[in-house]
Amino acid sequence: MDDTRAHRGTRSWTPALAGVFTLVLLAATLEIVLDGAVGHSPLIPKSPGIASWLSAVGERLGYRVFLIALLCYSGAFLGILLLARRISTRWAIALTAALQLIVFVGPVLISTDVFSYIAYARMGVVHSIDPYLHGPNAISGDPVYRYVGKDWVKVATAYGPLYTLLSYPLAPLGVVGALWGMKLEALLASAGTLALTWRCARMRNLDPKLALIVVGVNPLWVIYGLGGAHNDLIMTLFLMGAVALTLASEMAPTPDLGRARREMYAGAAVLGATLIKATGIALLPFILLRRRRLAPLLGAGLAAVLLALIAYIVFGVHGVDIVSALNRDAAFVGTDSFPVEIAHLFGKPGVFPVDHDLLKAGLVLIVVHLMWRTWRGYDWVAASAWTLLAIAVTSTWLLAWYTLWSLPLAAISRDRRVLYATLAVQGLFIVHQTAPLLAPVS
Amino acid sequence: MSKSPSASEQGLAGSPRDRWGWLPEWARPLERERRGLGSLRLAETTILILLAIFLAVASVNDIVQQTHVNHRLSADLLTWRTLTGHDYVNLDTEQDVKTHSTRDTVCGNVSPGAPGERAQVCLMLAGAVVKGVRSVSGGYYLPPYRADLRANRYGCFGLAAEQALCALGSPPAGSSPSPSLTLGRP
């Protein structure tokens, strides 16, 4: 009786609690966006004034306000996750949509990457310069150049040829037009990923509301991923497309032509993700081990040939050479990466080449273990999520949006450990940002 | 006590008709995991928990270190402002990333203007933070809009002069004069 009463008591509190968490999520997002619109902040890249109409309300965004808003958002996100099963579907969808739209209309947040995307597109389309051979400093007279991050002006693009081709139609729109185009691409990719996450959760008899909230309300997804219009969201869209097609083929009652076609499309979608960002390839071995059929491999192979041919025609051999771009990026070292944090823990100033080798060896061991487990019946979606998470954790160059790769897969995984692990890694990433809050430099 | 797998758990893998039948049983693919893998799962979970604790400790340690660095950088800025008498916000701070010492260099305009628009005075700071400031061990000047490279530096004093960090003997045309500033704590 007491348990029932307590349960009823909790249920009666649910709408009020959910309302509070929703208000905190919306308020924190609005705070970041409105203050960010004022500009002149180390957290807001120099940008054309696309959100200046919002700037009358806020104040210059400093680290302190941003970090407090981010921590409040993260706390409310955990709260709403705990209530996910009890809130209505309409509420979950409305909250997710509202957060995404608030960020969409605001300024570019945290990162200058989107201006590199635009610069590479303008190099190819406006200036006829191969972005796989030169950095944006080759177009130093172009209006976008002043917005490119100073660390990246000499760096040729590391993105896949499919992404570069997708960005080309935006180049003639000018910097502001291209920026809105990139933001719209990111919003649509996010919405598509969320729709597919919902669909896949239902196909797996998991709670789609929980999966939607895990991804669509996630602070790093909304503030960092969508806020920075990162192309990682387009990669996750392709990955989730591949997962949805593979799950649909699994559910088909008998082997038929439709099933083989879906598996081929799934393989092609993985290849599409890979040609956006090379890490997308992580999904393919697990689909092959699960399906144990040639169709996904055939789809991936045909897509690879077709896209490589197009990339070769447009960019030459450098556009096809994803491996060298991947090797170059793997050598980067950033202060937010776990290997660097571990090096500091042991009193070393940073990571050395031998550490890179050890990390690669560790990653290979993890992937081999997961492949063996998948062969012996382990959930292939969970194995894919673990692999993408392991890539992010072992990388010496960890950015917030790298932790998004595994998130939609973890949300629909049958092994809840990978979801907890992904959220824990994201939590540690957020905690690691808080030093300016504890000891501001002024 | 692990149960032996049912036919459905093994899927077609256990069937003689299966194309993987030539593999030994332990290596055949399964549609679903066998029951009785609790010990493997337990081992994985234990490793994951230990790894999570390790990463958490590394993250917290890094934040603590970063707060110490931030405390030191704040003292650097205050020292520069106190010694030059300019209460500027936009100062450039550079840490010693080559030898990983705690010697920092802070540069700022000698007169009001946008960052880098005027000649810059750079101070080399070292030692512990005492009463919110650090000790000045040396310094040099830079012409407007020039990077902090040896080729652009002039007016070295203190440690900068001892280490010959300046390539220019006198201020280039249009640059400010280069009086030596007081060494030690301001």
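This is a predicted model: local features need pLDDT of at least 70, side-chain atom pairs count only at pLDDT 80 or more; totals for chains, interfaces and linings use all residues.

Trainee: How many helices and strands has chain B?

Mentor: Chain B has three helices and five strands; here helices (H or I, at least four residues) and strands (E, at least two) are DSSP runs, numbered from the N terminus. From the N terminus on, the order in chain B is α-α-β-β-β-β-β-α.

Trainee: What share of chain B counts as buried?

Mentor: Of its 186 residues, 35% count as buried, where buried means under 20% relative accessible area, exposed over 50%, and partly exposed in between (1.4 Å probe, protein chains only).

Trainee: What is the strand order in the sheet of chain B?

Mentor: The order is β1-β2-β3-β4-β5 in an open sheet of five strands, with antiparallel pairing. Two strands pair if DSSP finds at least two bridges between them. β1 (92–95) and β5 of chain B stand at the edges with a single partner strand each, so one side of each has no neighbour in the sheet.

Trainee: Which residues stand opposite each other along these strands?

Mentor: E94(B) stands opposite T105(B) in β2(B), and β1(B) pairs with β2(B) (residues 104–109) over four bridges. Strand β3 (residues 120–130) of chain B pairs with β4(B) over eight bridges, with Q120(B) opposite L142(B) in β4(B). β4(B) also pairs with β5(B) (residues 154–158), over three bridges, and Y141(B) stands opposite Y154(B) there.

Trainee: What lies between β3(B) and β4(B)?

Mentor: The two strands form a hairpin with two residues between them, and K131(B) in the turn has a positive phi of about 50°. In β4(B) (residues 133–142), eight of the 10 residues are buried, so this strand is largely enclosed by the rest of the structure.

Trainee: Turning to the two chains, at what angle do α19(A) and α2(B) cross?

Mentor: The axes of α19(A) (residues 416–432) and α2(B) (residues 38–84) cross at roughly 5° and come within 10 Å. Axes are lines fitted to C-alpha atoms, for helices over the stretch in contact, and angles run from 0 to 180 degrees between N-to-C directions. The two helices α19(A) and α2(B) are therefore roughly parallel to each other; angles under 35 degrees count as roughly parallel, over 145 as roughly antiparallel, 65 to 115 as roughly perpendicular and the rest as oblique.

Trainee: Which residues of α19(A) meet α2(B)?

Mentor: They are R417(A), L428(A), V431(A) and H432(A), and among the residues they meet in α2(B) are R41(B), E44(B) and L55(B). Contact means heavy atoms within 4.5 Å.

Trainee: Is S384(A) buried or exposed?

Mentor: S384(A), in helix α17 (residues 380–394) of chain A, is buried, with a relative accessible area of 0%. Leaving aside neighbours within four places in sequence, S384(A) is in contact with L283(A), F286(A) and L409(A).

Trainee: And H40(A), buried or exposed?

Mentor: H40(A) counts as exposed, at 69% relative accessibility. H40(A) has a positive phi of about 50° although it is not a glycine.

Technical notes:
Residues are numbered from 1 along each chain as its sequence is written. Chains are lettered from A and ligands numbered from 1 in the order in which they are written. Side-chain values use heavy atoms; hydrogens and water are left out.
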